[in-house]
Amino acid sequence: MSVIITLLLLAALAYAGLHYFRWPLFRAAIAAQRNKGGLVERQLKVDGHEIVYLDGGSGEPLLLLHGFGANKDNWIQIAPLLSPHYRLIIPDLPGFGDSTRDFERRYGADDQIARLLAFVTALDVGPVHIGGNSMGGYLAGLFAARYPEAVKSLWLLAPAGVEAADPSEYFLALERGENPLLVNDAADFARLVNLCFTKAPYVPKAFQRCLCERNVAERVFNEKIFTELFTDPVSLEEAMADCAVRTQIVWGDNDRVLHPSGAGVLDKLLANVETHVMKRMGHCPMLERPAETAELFLKFQRAA
């Protein structure tokens with residue numbers, strides 16, 4: 001009996017320690033996963049913003065852009081599968097993550113695209129492969145349409161901005177005056193996770209709490225960016241109507257944030273496109289099934 005009590009006490013202490021030291025442990029876990037992908041953190045100043053980015057791997061440059069309310073670490077699960085083939089450049093977009101937030105500046109599509117161009121120019125790596133998820137896919141698509149000479153290929157993972165797509169569960173919530181992307185508390189965070197994934201990747205509860213706390217802390221600035229970016233958005237299909245950049249579209253058939261019908265809209269529009277609608281997949285393929293998502297991209301590139 002004393003052995004059982006001792007084990008229970010140790011388990012309780014371990015649980016308490018995990019929660020009390022959750023942030024140092026969370027940062028250590030993130031650092032370990034970055035290291036697995038050969039990624040190091042760097043900084044570059046662009047348009048008065050310190051842009052913090054991950055850099056690592058070998059090969060042609062692949063610039064990866066995260067979604068709204070997310071950050072560069074949304075790509076670290078898939079990074080080890082891509083870094084043997086590409087030099088990965090993964091920024092916190094201005095206004096997100098560890099990059100500068102400035103209430104006096106604007107973060108609309110034109111502003112962010114201009115900063116992306118300045119960032120790529122400052123890196124001095126030549127034309128890049130560029131990919132993005134959700135908001136990141138929207139910005140990647142706009143960037144490729146405006147600066148095709150700077151883009152070798154385009155990888156769109158459930159991009160935002162497809163105006164002709166069917167309304168999603170998320171857009172129906174917006175019509176009711178709700179925005180599930182803006183997190184006020186733990187209940188909102190749980191709802192957001194449920195909305196984004198068919199099967200959410202395992203994250204320890206203590207680390208879920210860290211993610212929730214960060215989302216709550218960033219809510220006010222996220223609302224500013226959302227308003228400036230999406231109040232009067234540029235239609236992605238209109239912007240990309242004449243885009244000839246070789247493109248792969250990946251979308252989940254169970255995406256409740258952005259309706260998967262958007263994949264068909266873009267597929268019919270683009271001249272040089274390969275489209276995959278993944279079965280039993282939510283809004284973030286690179287997080288939900290990174291190995292399968294990476295293999296689709298690598299196979300697409302091998303066929304070039």
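**Exercise 1. Determine how helix 7 and helix 8 are oriented to each other, and which residues join them.**

Solution. Helix 7 and helix 8 are roughly perpendicular to each other, a label given to angles of 65 to 115 degrees, while angles under 35 count as roughly parallel, over 145 as roughly antiparallel and the rest as oblique. The contact, meaning heavy atoms within 4.5 Å, is made by A186, F189 and L192 of helix 7 together with Q208, L211, C212 and N215 of helix 8. The angle behind the label is about 105°, and the axes are 10 Å apart; axes are lines fitted to C-alpha atoms, for helices over the stretch in contact, and angles run from 0 to 180 degrees between N-to-C directions. Helix 7 covers residues 186-196 and helix 8 covers residues 205-217, where helices (H or I, at least four residues) and strands (E, at least two) are DSSP runs numbered from the N terminus.

The model is predicted, so that local features need pLDDT of at least 70 and side-chain atom pairs count only at pLDDT 80 or more, whereas totals for chains, interfaces and linings use all residues. Residues are numbered from 1 along each chain as its sequence is written, and side-chain values use heavy atoms, with hydrogens and water left out.

**Exercise 2. Decide whether C212 is buried or exposed, and find its nearest cysteine sulfur.**

Solution. With a relative accessible area of 10%, C212 is buried, given that buried means under 20% relative accessible area, exposed over 50%, and partly exposed in between (1.4 Å probe, protein chains only). A search of the whole structure finds zero disulfides, a disulfide being a pair of cysteine sulfur atoms within 2.5 Å. For C212, the nearest cysteine sulfur is that of C210, at 9.9 Å.

**Exercise 3. Describe the packing of helix 4 against helix 5.**

Solution. Helix 4 (residues 109-123) and helix 5 pack at an angle of about 70°, with their axes 10 Å apart; they are therefore roughly perpendicular to each other. On the side of helix 4 the contact uses A109, D110, Q112, I113, L116, L117 and V120, and on the side of helix 5 it uses Y138, L139, L142, F143 and R146.

**Exercise 4. Locate the largest nonpolar core and follow L88 from it to G57.**

Solution. The largest nonpolar core has 89 residues, and L63, L82, L88, F119, I130 and W155 have the most contacts inside it; such a core is a set of buried Ala, Val, Leu, Ile, Met, Phe, Trp, Tyr and Cys residues joined through side-chain atoms within 4.5 Å. Helix 5 (residues 135-146) supplies the largest share of this core, seven residues. Leaving aside neighbours within four places in sequence, L88 is in contact with residues including L39, L54, L62 and L82. Between G57 and L88 there are 31 residues in sequence but 5.9 Å in space, C-alpha to C-alpha. G57 lies in strand 2 (residues 49-57) and is partly exposed, at a relative accessible area of 40%.

**Exercise 5. State which phi values D47 and S134 take, and place each residue.**

Solution. Most residues other than glycine have a negative phi. The phi of D47 is near 50°, a positive value; D47 lies in the loop between strand 1 (39-46) and strand 2, and is partly exposed at 40%. The phi of S134 is near 60°, also positive; S134 belongs to strand 5 (residues 128-134) and counts as buried at 10% relative accessibility.
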